[in-house]
Amino acid sequence: MVIVMSHKATDEQIEAVMKRLKEKGFRINLSRGVERTVIGAIGDETMLGDAGIELLPGVDKVIPILRPYKLASRIMKEEGTVIRIGDVEIGGGTVQVMAGPCAVESKEQLFEAAEKVKQAGARILRGGAYKPRTSPYSFQGMAEKGLQLLAETREKYGLLIVTEVMDPRSLPLVVEYADIVQIGTRNMQNFWLLREVGQCNKPVLLKRGLSATIEEWLMAAEYILSEGNPNVILCERGVRTFESYTRNTLDLSAVPVIKHLSHLPIIVDPSHALGKYELVPSMAVAAVAAGADGLLIEVHPNPQEALCDGAQSLTPKKFGKVMVQVGEVARAIGKKV
Ligand code: PEP
Ligand code: MN
């Protein structure tokens, strides 16, 4: 349930409500908004007995949360979450673009990708060091060496790093190197991994599962939030449908739906959704128009030679053009890039 405090409630009254809830075994989430203070409480409501929380001084109203996700819900937190990493904000008025190769392949490849995506205006570099490949015979990523190259690239170019973790065993290493830890589509319901990243101190980019409903996706976010990590960024990357022309079907409606249901920021990955580079630009601008807080786009200095996902990767030149269009659409809806 959510306890909405009166705008006149004093700190002592807020404390007293939280104390009562804690005594009754509730987990508490305090959200001090500009307009009002809201206390989220998760626990067994029958424990409160007849003397409900409504009667405590300073309480305006008590609203039950009927949705299965609580901490991820907008009922719990009305204003959108803004995640700050250094001077980069995700979920604010700036469309943040994460761009770079599917996989880290070499220092030369990564440096060139970083230089070009930075020139085009991106602030966050993506690149996988652990790759979840369908075939065990495909390139699996450079592992720790790849993470080291990402860290070196961050130093040289001043970009933030987002990279995927596939296994709780490599999480401490990934956390050491990454600014944002990515959970890939195949692991969206790997609940042990979700709990582990929920205990780490880095923001988490949570991709939508291959066939996940929006509710399942928000429940996955709930796992992370419930372990104490409030910094979850959702990423729509297409879902599997009967359509086979594109790699997946991009569900752009997920953007306004998530905005309605949740306070968490949402970005869109048109590269993995479409699977074809020529379809990426139009969906990138459409995602921004739909209200996405950012984009994830695969860019490779030489897509024909990419070890992974070359067909959907943009050349730096094409990426530069997309960034110009993205900027125009962002400005048209009162945002910037
Ligand atoms: C990726 O971003 O590198 C990736 C593997 O994406 P997804 O998990 O969406 O397939
Ligand atoms: Mn990829």
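**Exercise 1. The surroundings of ligand 1**

How far does a polar side-chain atom of Arg 237 lie from an oxygen atom of ligand 1? Then look at Gln 182 and His 272, and find which residues surround the ligand.

*Solution.* Start with Arg 237: a polar atom of its side chain lies 2.6 Å from an oxygen atom of ligand 1. This is a predicted model, in which local features need pLDDT of at least 70 and side-chain atom pairs count only at pLDDT 80 or more, while totals for chains, interfaces and linings use all residues. Residues are numbered from 1 along each chain as its sequence is written, chains are lettered from A and ligands numbered from 1 in the order in which they are written, and side-chain values use heavy atoms, leaving out hydrogens and water.

Next, turn to Gln 182, where a side-chain N or O atom is 2.9 Å from an oxygen atom of the ligand. For His 272, the distance from a polar side-chain atom to a ligand oxygen is 3.5 Å. Such polar contacts with the ligand are pairs of N or O atoms within 3.5 Å.

Finally, widen the view to residues with a heavy atom within 4 Å. Ligand 1 is surrounded by Arg 126, Lys 131, Pro 132, Glu 164, Gln 182, Gly 184, Thr 185, Arg 186, Lys 207, Arg 237 and His 272.

**Exercise 2. α2 against α10**

At what angle do α2 and α10 pack, and which residues meet?

*Solution.* First, find helix α2 at residues 107-120 and helix α10 at residues 316-332 (helices are DSSP runs of H or I, at least four residues, numbered from the N terminus). Their axes are 9 Å apart, at an angle of about 20 degrees (lines fitted to C-alpha atoms over the stretch in contact; angles run from 0 to 180 degrees between N-to-C directions). That makes α2 roughly parallel to α10 (under 35 degrees; over 145 is roughly antiparallel, 65 to 115 roughly perpendicular, the rest oblique).

Now list the contact (heavy atoms within 4.5 Å): Lys 116, Val 117 and Ala 120 of α2 meet Pro 316, Phe 319, Gly 320 and Met 323 of α10. These residues divide into five nonpolar, one polar and one charged.

**Exercise 3. α9 against α10**

Is the pair α9 and α10 roughly parallel or roughly antiparallel?

*Solution.* Begin with the geometry: helix α9 (residues 280-289) and α10 have axes that come within 9 Å and cross at roughly 20 degrees. The two helices are therefore roughly parallel.

Then check the partners: Pro 281, Ala 284, Val 285, Val 288 and Ala 289 in α9 meet Val 322, Gln 325, Val 326, Val 329 and Ala 330 in α10.

Note on methods
Nonpolar A, V, L, I, M, F, W, Y, C, P; charged D, E, K, R; others polar. Polar contact = N/O pair within 3.5 Å; in protein donor to acceptor, adjacent residues only side chain to side chain.
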